[in-house]
Amino acid sequence: MPRRPRVSIPGYAEHIIQRGNNRQPIFACDEDMKAYAYWLGEYAKKFEVSIHAWVFMTNHVHLLCTPSNPASISSMMQSLGRQYVRYFNYTYQRTGTLWEGRFKSCLVQDQSYLFHLYRYIELNPVRADMVKDPADYSWSSYQCNGLGASSDLLTPHQLYQSLGKTKEERCNVYRDMFQYQVDDKLLEDIRLTANKGLALGNDKFKEQIALLTGQRQTQAKRGRKKGWRKHRDD
C-alpha cells in the first residue's frame, strides 16, 4: 500500500511524533536531550519552523510547531534525524537505524484543539507516571509555557500570546488548563490523527483541509480483523 502523502500547510500548526525503532531508547542521559534540543533549535531556525511545545521522552519526542513553507517541517526533521543519529551512534559505538521509519505528523485546528495538544504533549510524563506534576519534568515546554522560563527553542503561538497581557498572566491562565488530564476520547482522537496523518479538528476544519489538499481527512471505516486488540500509543 502506498504511503499517504504528508500534509503540511504554511501557517497551520502541526503535531509531530518521532519514535525510536522498536520503541528503543533514543535518549540515554540529559546530554543526549541537550544535543537533540540544540540541533532542533538550529534546524528550526534554518528551515523557518516555529516551535510552540515539546516533550522529550525516553524513546520518543512530541512537538507542536508551525511551518513557514510546505517543506519546512520535513526538511527540519530529516536534517535533525540524520544529525542526531550520527551523534548517537558515535557516542554509544553502535550502527544502524535509530528511528521508527518516518516521523508522524498531523495538522491541528487552532481554535478549540490547539491547547488540547499543548496539554497532551506536556502531560506526557504525568501519564507515563514519571512525575506527578508537569512542572517536575525538565524536558518539556511546560517550563516555559506554564512557569515562564526562557528558551531560544520556543516561539509562542499567537493564541498563547492572547492568554494575557503579561507573561505572568499568560502563565497563570495556562497553568489553569492543567488541572485535569486530557479525556479518553480526545486522547484517542489525538493518537489516531497523528498515526494516520489526518487533521485534528472539527468537521468543518477537516473539510477545509480536504479541499485545500485534495486528501480525505477522515478515517476509512473498516471491520475489525479477528484477533484485533486496542493498542495504547502515547
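Reader: Which residues have the most contacts inside the largest nonpolar core?
Author: This is a predicted model: local features need pLDDT of at least 70, side-chain atom pairs count only at pLDDT 80 or more, and totals for chains, interfaces and linings use all residues. Residues are numbered from 1 along each chain as its sequence is written, and side-chain values use heavy atoms, with hydrogens and water left out. A nonpolar core is a set of buried Ala, Val, Leu, Ile, Met, Phe, Trp, Tyr and Cys residues joined through side-chain atoms within 4.5 Å; buried means under 20% relative accessible area, exposed over 50%, partly exposed in between (1.4 Å probe, protein chains only). The largest core has 64 residues, and those with the most contacts inside it are Tyr-36, Phe-56, Leu-63 and Met-76.

Reader: Which residues does Tyr-36 touch, not counting those up to four places away in sequence?
Author: Contact means heavy atoms within 4.5 Å. With residues up to four places away set aside, Tyr-36 touches Gln-18, Phe-27, Phe-56, Val-61, Met-77, Leu-80, Tyr-84 and Trp-99.

Reader: What pattern does the protein chain follow along the sequence?
Author: Helices (H or I, at least four residues) and strands (E, at least two) are DSSP runs, numbered from the N terminus. The chain has 9 helices and 4 strands. Read along the sequence, the pattern is β-α-β-β-α-β-α-α-α-α-α-α-α.

Reader: What radius of gyration does the protein chain have?
Author: The radius is taken over C-alpha atoms, and the globule rule is 2.2 Å times the number of residues to the power 0.38. For 234 residues, a compact globule would have a value near 17 Å. The protein chain agrees with this, at 18 Å.

Reader: At what angle do the axes of helix 3 and helix 8 cross?
Author: Axes are lines fitted to C-alpha atoms, for helices over the stretch in contact, and angles run from 0 to 180 degrees between N-to-C directions. Helix 3 (residues 114-122) and helix 8 (residues 184-196) have axes that come within 11 Å and cross at roughly 90 degrees.

Reader: Which residues of helix 8 make the contact with helix 3?
Author: Helix 3 contributes His-116, Leu-117 and Tyr-120. From helix 8 come Leu-186, Leu-187, Ile-190 and Arg-191.

Reader: Is Glu-48 buried or exposed?
Author: Glu-48 sits in the loop between helix 1 (30-46) and strand 2 (49-56). Its phi is near 60 degrees, a positive value in a residue other than glycine. Most residues other than glycine have a negative phi. With 51% relative accessibility, Glu-48 counts as exposed.

Reader: What is the relative accessible area of Ser-112?
Author: Ser-112 lies in the loop between strand 4 (104-107) and helix 3. Its phi is positive, about 80 degrees, although it is not a glycine. Ser-112 is exposed, and its relative accessible area is 57%.

Reader: What is the relative accessible area of Ala-199?
Author: Ala-199 is in the loop between helix 8 and helix 9 (203-213). Its contacts, not counting residues up to four places away in sequence, include Leu-107, Thr-193, Phe-205 and Ile-209. Ala-199 is buried, and its relative accessible area is 0%.

Reader: Is Leu-200 buried or exposed?
Author: Leu-200 is also in the loop between helix 8 and helix 9. Not counting residues up to four places away in sequence, its contacts include Cys-106, Tyr-113, Leu-117 and Ile-190. Since its relative accessible area is 3%, Leu-200 is buried.
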